[in-house]
Amino acid sequence: MRLKQIKLAGFKSFVDPTKIPFDNALSAIIGPNGCGKSNVIDAVRWVLGESSAKNLRGDSMTDVIFNGSSARKPISVAGVELVFENSQGRLAGQYASYQEISVKRQVNRDSESTYFLNGQKCRRKDITDLFMGTGLGPRSYAIIEQGTISRLIESKPQELRVFIEEAAGISRYKERRRKTENRIRHTRENLERLNDIRVELGSQLDKLSQQAKAALQYRELKTNERLLHSQLLVIRYQELLSQTDKLDQESSVLETQAEQLQTTSRHSETAVTQLKQQLEELSDAEHKLVEQYYLTGNNITKFEQQLKHQQQQDTQLQQQISGLQQQIATGERTIVNLNQHYQKLVAQADALAPQTEQAQSELDIIDEQLSIVEDACDEQQSQLTQYAETLATTKMQLALSQSSLTHQQQSLQQDERQKQQLNQELAALNQQDSQNQLLDAQTQLTALEQTLSATLEQQQEFEQQVSALQHTVEQHREAYQSLKQTMTHRHSRLQLIDELLAGHTQAEGLQLWQVVDVQPGWEKAVDMVLQGLSQLPVLTQAQGKPTPSRIGFTQGEILSNQALNTQANLAPWLKSVIWATSLDEATQLLTQIADDQYIATQEGYLVGHGFVLNHTQSGQSAIVLSQERCELSSELEALEHQLNSAQLQLTEHTQKVAAAQLALGQVQQRSHQLQIQQTKLQSTVSSLQQQRDEKQLKQQKCHDLLIELEQTYLDKQMQIEAYEGQIASQEQAMADAINQHEVAQHAWQNSQAKLRETKTKRQEAVSKLTQQQTTVQQHATQQALGLQQLQQQTEKQTELSNQYTQLQKMLQDNQHQRGEHQIAQLSLS
């Protein structure tokens with residue numbers, strides 16, 4: 001089976017319908033990076049049932065659909081179709097006779113995949129089953145990508161067995177076996193569940209039977225309860241009826257009494273109404289008098305309380321007025337004291353001002369001196385820093401040069417060791433003899449390939465032989481089954497005829513149909529002629545002759561003609577019969593016979609002058625059935641002989657097929673072993689070739705490295721001499737830098753001492769000035785506080801005067817109101 005053509009439409013970069021033919025057995029797809037070469041093998045994987053988007057270099061299955069570009073719109077459906085050539089008939093099953101097999105897959109934006117096989121919609125399982133055992137599949141060995149060969153060579157025995165079984169074509173049967181075992185396992189599990197259910201239901205049947213008995217008993221008791229309850233209700237109903245009659249009589253008596261009482265009550269209500277009116281008038285008058293009395297008492301109490309409250313307020317106001325007079329006097333004395341303290345603070349502040357100005361001028365002079373000393377110190381500090389940097393740079397350069405010299409010396413020693421190691425490796429590589437091993441392995445591989453080719457040809461011959469034998473066995477089996485089925489039908493018909501003849505047979509003696517031997521083809525004619533006579537008995541000579549009480553025929557000499565042979569005297573019925581093979585012949589003979597003669601045909605017609613009768617009941621005739629039974633017996637004997645012969649042939653060919661299959665299995669096993677050996681030898685040859693290439697590459701690298709090391713060795717010796725001269729000059733420069741740094745450091749220390757002395761003087765002046773300023777600030781603060789206290793006391797004095805005036809006014813108002821209340825109280829009393 002060979003891939004003939006690929007049709008792509010909308011798959012990844014193949015947006016337009018594209019056909020890629022593979023006319024030759026070996027074809028290659030060549031193009032620059034990004035042209036879609038890998039998309040072709042992805043399409044083959046995808047059609048053969050690949051379900052993992054990761055193996056198709058995508059995130060989801062819809063990524064295989066063309067998603068649009070700057071010049072093209074995205075499309076909604078992607079499809080790929082593979083056309084395989086099946087001229088060798090490698091495929092099995094219903095597609096074995098097809099010369100071409102078309103496999104197609106489509107997917108839309110909803111991730112719905114559709115599979116087609118020769119244009120007909122199918123399942124994914126149908127496609128995987130079709131190619132199972134052929135080596136084709138989404139992840140089978142037929143698609144060899146990067147890492148596949150190494151994965152095959154380095155695979156474990158169990159993994160290698162999967163590839164060998166796929167190559168041998170038995171993975172299909174193993175998959176079927178696995179599915180069958182799963183179905184058997186599921187069936188067993190279902191049977192176990194059914195058994196558990198049956199046991200559970202069986203255990204519940206006893207409980208259910210007890211519950212059914214209890215339900216029946218409950219139903220009977222419930223019926224009795226309803227009956228008794230209905231009877232009880234009837235009895236209660238009768239009692240209630242009797243009580244109702246008594247209550248009706250009592251109610252009539254009570255109604256008469258009630259009417260009398262109502263009349264009496266109406267008279268009493270009239271009198272009560274009049275008395276109530278008089279009582280209400282008296283009550284209203286009494287309520288008015290009581291209300292006036294209470295109002296007067298409330299007013300008196302209210303006035304008394306107000307008078308007491310005003311007296312209390314007057315007392316409080318007088319006390320507040322006395323307190324305010326004392327506070328006013330105290331405030332005036334406080335204002336005088338604060339004014340005197342403020343004048344003292346102003347005089348002290350005027351005395352401190354000249355001292356502060358003198359301290360500030362001294363501080364300005366010291367600041368100018370400090371600035372001059374700091375500038376000189378900074379200049380010396382910069383010179384010292386510059387000399388220190390120069391010294392550090394010189395030390396660092398000297399250390400770098402010494403480090404480089406040490407590194408070059410170590411590197412030179414390492415190069416010498418590397419040269420010795422390379423020489424040893426070259427000597428070891430020259431001693432290795434891998435070329436002879438490679439030639440031996442290639443010779444063994446060639447011989448093994450020839451043996452494998454012959455074995456495969458022998459396997460193909462055995463397969464053809466087994467196929468031909470199996471076809472022959474199937475033909476013999478079909479012939480055997482056909483003969484067996486025909487024989488079964490004949491036995492069934494013979495048994496039916498025996499049953500029908502048993503209904504025609506008497507318990508004793510013979511009947512006419514049993515002594516009549518009809519010639520083949522004349523059954524219907526004889527049955528038509530002997531209608532009503534075939535069931536009559538035939539008496540032997542020992543039984544005597546027929547009588548009116550014992551009717552029948554006597555067995556005598558044989559009477560024969562072209563239609564029948566018989567030992568009964570049928571001459572009176574046969575002398576007027578002329579036998580004809582067909583109805584046309586009977587029509588021709590009709591003109592030659594007398595009026596008392598008639599013609600019997602093989603079809604069952606009786607033709608005479610003025611009549612033509614047809615055979616109507618031949619199917620149930622004993623003569624016809626007897627004749628058919630004889631024919632069936634003969635045919636069964638022949639069929640049994642043929643069946644035995646067919647069974648012998650079937651057994652013989654089955655044994656041949658078994659022997660051929662055994663031989664084929666041995667050849668296949670040998671072929672598998674040879675293929676395994678071939679794979680191992682190919683791996684060995686590849687390994688030896690790789691070792692040879694690596695050896696040559698190592699030798700070349702060693703030679704190149706030796707040359708490079710020689711040149712590097714000379715360069716490093718020259719660098720070492722240069723580093724030694726550079727170190728000598730750098731040591732002299734470092735000694736000069738150390739002297740300059742010591743001179744600069746001594747000058748800087750003198751400047752630092754002078755700077756510290758100037759800073760000490762400045763700190764003393766600043767401290768003196770700060771004390772003067774603090775004293776001035778304290779006097780200013782005290783002056784501000786005194787002024788603020790004076791203002792606050794003045795404001796407080798003003799508020800106290802206002803409060804005094806208001807209290808005097810409130811006291812006068814209260815006295816006026818108290819006089820008015822007394823007048824009002826006197827008027828009420």
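In this predicted model, strands S3 (residues 77-85) and S4 (residues 100-108) run antiparallel and are joined by 9 bridges. Within that pair, Phe84 of the structure faces Ile101 in S4.

**The six-stranded sheet**

S3 and S4 belong to an open sheet of 6 strands. The strand order is S2-S1-S3-S4-S5-S6, and the pairing is antiparallel. Strand S2 (18-21) and strand S6 (120-122) form the edges. Each of these two pairs on one side only. With direction ignored, neighbouring strands in this sheet are turned by 20° against each other on average.

Two helices lie across this sheet. Helix H1 covers residues 37-47 and lies across strand S1 (2-9), S2, S3, S4 and strand S5 (113-117). H1 runs at about 85° to S3. Helix H2 covers residues 124-131 and lies across S3, S4, S5 and S6. The angle of H2 is given against S5: about 45°.

| Helix | Residues | Strands crossed | Angle |

**The four-stranded sheet**

Another open sheet is built from 4 strands, ordered S13-S14-S15-S16. Its pairing is mixed. Strand S13 (577-580) and strand S16 (611-613) stand at the edges. Each has a single partner strand, so one side of each is left without a neighbour in the sheet. From one strand to the next, the twist averages 20°.

Strand S15 spans residues 606-608 and runs antiparallel to S16. The two are joined by 3 bridges. Val607 stands opposite Val612 in S16.

**The cavity**

How many cavities of 30 Å³ or more does the structure hold? There is 1. The largest cavity has a volume of about 40 Å³.

Its lining draws on Lys12, Ala53, Leu56, Arg57, Gly58, Ser60, Met61, Asp63 and Val64. Sorted by class, the lining of the largest cavity has 4 nonpolar residues, 2 polar residues and 3 charged residues. Among the lining residues are Lys12, Arg57 and Asp63, which count as charged. Ala53, Leu56, Met61 and Val64 also line the cavity and count as nonpolar. Gly58 and Ser60 complete the lining, and both fall in the polar class.

Key:
Residues are numbered from 1 along each chain as its sequence is written. This is a predicted model: local features need pLDDT of at least 70, side-chain atom pairs count only at pLDDT 80 or more; totals for chains, interfaces and linings use all residues. Side-chain values use heavy atoms; hydrogens and water are left out. Two strands pair if DSSP finds at least two bridges between them. Axes are lines fitted to C-alpha atoms, for helices over the stretch in contact, and angles run from 0 to 180 degrees between N-to-C directions. On a 1 Å grid over the protein atoms alone, a cavity is a set of points where a 1.4 Å probe fits but cannot get out, and a pocket is an open set with protein on both sides within 12 Å along at least five of seven lines; lining residues have an atom within 4 Å of a point. Grid points are joined across faces, edges and corners, and a volume is the space filled by probe spheres set on the points. Contact means heavy atoms within 4.5 Å.
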